[in-house]
Amino acid sequence: MHATVLTFDAPTRSRALLPYAVLLGLGAAVYWLFPGQLPLATRIAIMAIFVMSLDLVVGYAGLATLGHSALYGVGAYATGIFASHISGDPLLGLAVGALAGAAIAGLSGLFLLRYDGLTFLMLTIAVSQILQNLASKLRDWTGGDDGLTGFTIKPVLGLASFDMFGRTAFVYCGVVLLVSLFVMRRLMASPFGLACVGIHQNRRRMDAIGANVRGQLLRLYAIAGAFAGIAGALSAQVNQIVGLDSLGFELSAEALVMLVLGGTGTLLGAIAGSAVFMTIHHVASALNPYHWLFIIGGLLVLVVLVPRQRLLAQVKRRVAGFPNVRGASASKQVA
Amino acid sequence: MQQLANIFIDGVSYGMVLFVIAVGLSVTMGLMRFVNLAHGAFAMTGGYIAAWLVRDHGFGYASGVLVALLATAALGALLELVVLRRLYRRSELEQVLFTIGLSFLFVATANLLAGPQVQLLPLPPALSGSVDLGVRTLPAHRMLVLGCGIAVLLLSIHVMARSRFGVWLRATVDNTSAASALGIPVQLVYVLTFAAGAALAALGGILGAELMPLEPYYPIKYLVLVLVVVAVGGLGSIPGSFAAALVLGTVETTSKYLASEYGSLFFFAAVALLLAWRPQGLLRARG
């Protein structure tokens, strides 16, 4: 019995570590080979955390939302305000962002999760728009249309200060990305995570077997809020500015596009999708901001029209295991 | 008092424009079960074609608008025939993704063909003046908007409830294979419904060109607005969309007049309250 557990366990564990190894390798490659692309890679890392958080809600729990930026923006503003009034320590700021994101998710979730389907979707938009308009009105705290600026971030752990080449920012965000991936993967493999997937598959049956559906979803939404808040906090710290667009509809919609591009319900797909989308955006929008829409629009149309499940299955068969990571590596090489 | 009346009239005509754009989406989303986020693109297309014809090609206002409506209907029918009908059975997320992609393509195309600037649709003298109603005078264009909104409401309710086509449509969306077995031309019903929705969106885009300026980002900018009207009104409910559009149009206009520094705060607060109160739609009881 013991032996069978071991033989079953050993390959899965090494496999479970593979994504981290690949991400570390990619990170190192970008750091040493493409130092000019560090700001882009940093943005990808931040966005990947945000899209993974969205994956918890959309991919695992099956709640389609277009208001996820509310959680990101509140985290970003909380961190910025904390840095300008109390302390510029980055790790403390990260904690503040996570708390703020979780708090706003918990509060709005109490209201939002009473609904589902299109009503839920529209209410998430309404909540994020209300927050955005509030942020625009509360000028004294948020800087309004001009954005929140003028706060300084201290060196990470008192050692590494944020340099103009973005090296510290990249390593800092990369480490936070890896830790977030680790925590979220563990979480979604836990009984709690499986219960959320169960709710996605059949809400009524989960209710019938005694699961506390709304309680589980609320907990998941708050956790997703914490990670979205962390992503917002990172963006505030790295860019030293928080704008109204961090609460905007466009951010939510783009994150959803990235998620579906990479594949929902895998977390690694979220990372791959962000990398592909942000890289294409970076290259194409440098040419012309409108032509970029031809590329992303065409991509979206093709992704749906071409039967992707079959394509993915083939890739999966060829590369035993991790098609999403492969997607990410291909896109980073473009960068 | 004078100002309140002004606000009310502006709010109602804004609501009418929203309704005319949203009614087609309500039918596609509620009855055909197709989440078409590219609906706003039809409104923009109609506005662009009308502006192009009237301004650059010497068409009269009425004939330009008519051609624009027909062209947009044809475009809608073509899209339905070529791609959209393959997506009816796909998941909502895939439909959302595809139609957002389609909107992006419309945005990019509009910019490519006409540039990033706002397109102006010149009004004929008859519409730019004002009409004396005895009690007070109203801008003629507002009167046209009000009239069109009410006409669209009555006509669409009549078609859905009374006409042979409405019977076909309701039968088709209830049970496509049974309807087809009964000899209803199912494919034709879908194409025509889609084309009609596109034409109505175009009409809304043309009528609302002053309130919602025609520019390349139009399909994305007003997407949320139109979706909100459909959701608050209740999917597939035409009177519901009408009520939602009027209420929300009035709220938005009032807050723009009296509390512009709050932006769309009150609009979205109203949306949240209405949806929380009646998640199935404004004119439907809970349950």
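Among contacts in chain A between residues at least 6 apart in sequence, what percentage join residues at least 24 apart? In this predicted model, the share for chain A is 78%. Chain A holds 15 helices and zero strands, and 50% of its 335 residues count as buried.

**A helix pair in chain A**

Helices α7(A) (residues 167-189) and α10(A) (residues 213-239) have axes that come within 11 Å and cross at roughly 175°. Because of that angle, α7(A) is roughly antiparallel to α10(A); the cut-off for this class is an angle over 145 degrees. The residues through which the two helices meet are listed by helix in the table.

| Helix | Residues in the α7(A)–α10(A) contact |
|---|---|
| α7(A) | A:Ala169, A:Cys173, A:Val176, A:Ser180, A:Met184, A:Leu187 |
| α10(A) | A:Ile223, A:Phe227, A:Ile230, A:Leu234, A:Val238 |

By class, this contact comprises 10 nonpolar residues, one polar residue and no charged residues.

**Helix α8(A)**

Helix α8(A) covers residues 191-201, and its residues A:Gly193, A:Ala195, A:Cys196 and A:Ile199 are buried. These four lie on the same side of α8(A), because they cover an arc of only 160° around the axis. Exposed residues A:Pro191, A:Leu194 and A:Gln201 are found on the other side of α8(A). The packing partners of the buried residues of α8(A) are α2 (38-60), α7, α9 (203-208) and α10 of chain A.

**Helix α12(A)**

Helix α12(A) runs over residues 268-287, and its 20 residues should span 28 Å at 1.5 Å a residue; the end C-alpha atoms are 29 Å apart, so the two values agree. The buried residues of α12(A) include A:Leu268, A:Ile271, A:Val276, A:Phe277 and A:Met278. A:Gly269, A:Gly273, A:Ser274 and A:Thr279 are also among the buried residues of this helix.

**Contact between chains A and B**

How many residues does each chain bring to the contact? Chain A supplies 30 residues and chain B supplies 30 residues. On the side of chain A that touches chain B, the elements giving two or more residues are α5 (117-137), α11 (249-262) and α13 (291-305) of chain A. Of these, α5(A) gives the most, with 13 residues. By class, this side of chain A has 22 nonpolar, seven polar and one charged residues.

Terms used
Residues are numbered from 1 along each chain as its sequence is written. Chains are lettered from A and ligands numbered from 1 in the order in which they are written. This is a predicted model: local features need pLDDT of at least 70, side-chain atom pairs count only at pLDDT 80 or more; totals for chains, interfaces and linings use all residues. Two residues are in contact if their C-beta atoms, placed from the backbone, lie within 7 Å. Ala, Val, Leu, Ile, Met, Phe, Trp, Tyr, Cys and Pro count as nonpolar, Asp, Glu, Lys and Arg as charged, and the others, Gly among them, as polar. Axes are lines fitted to C-alpha atoms, for helices over the stretch in contact, and angles run from 0 to 180 degrees between N-to-C directions. Angles under 35 degrees count as roughly parallel, over 145 as roughly antiparallel, 65 to 115 as roughly perpendicular and the rest as oblique. A residue is buried if 20 or more other C-beta atoms lie within 10 Å of its own, exposed if 12 or fewer, and partly exposed in between; C-beta atoms are placed from the backbone. The expected span of a helix is 1.5 Å times one less than its number of residues. The arc is that of the directions from the helix axis to the C-beta atoms.
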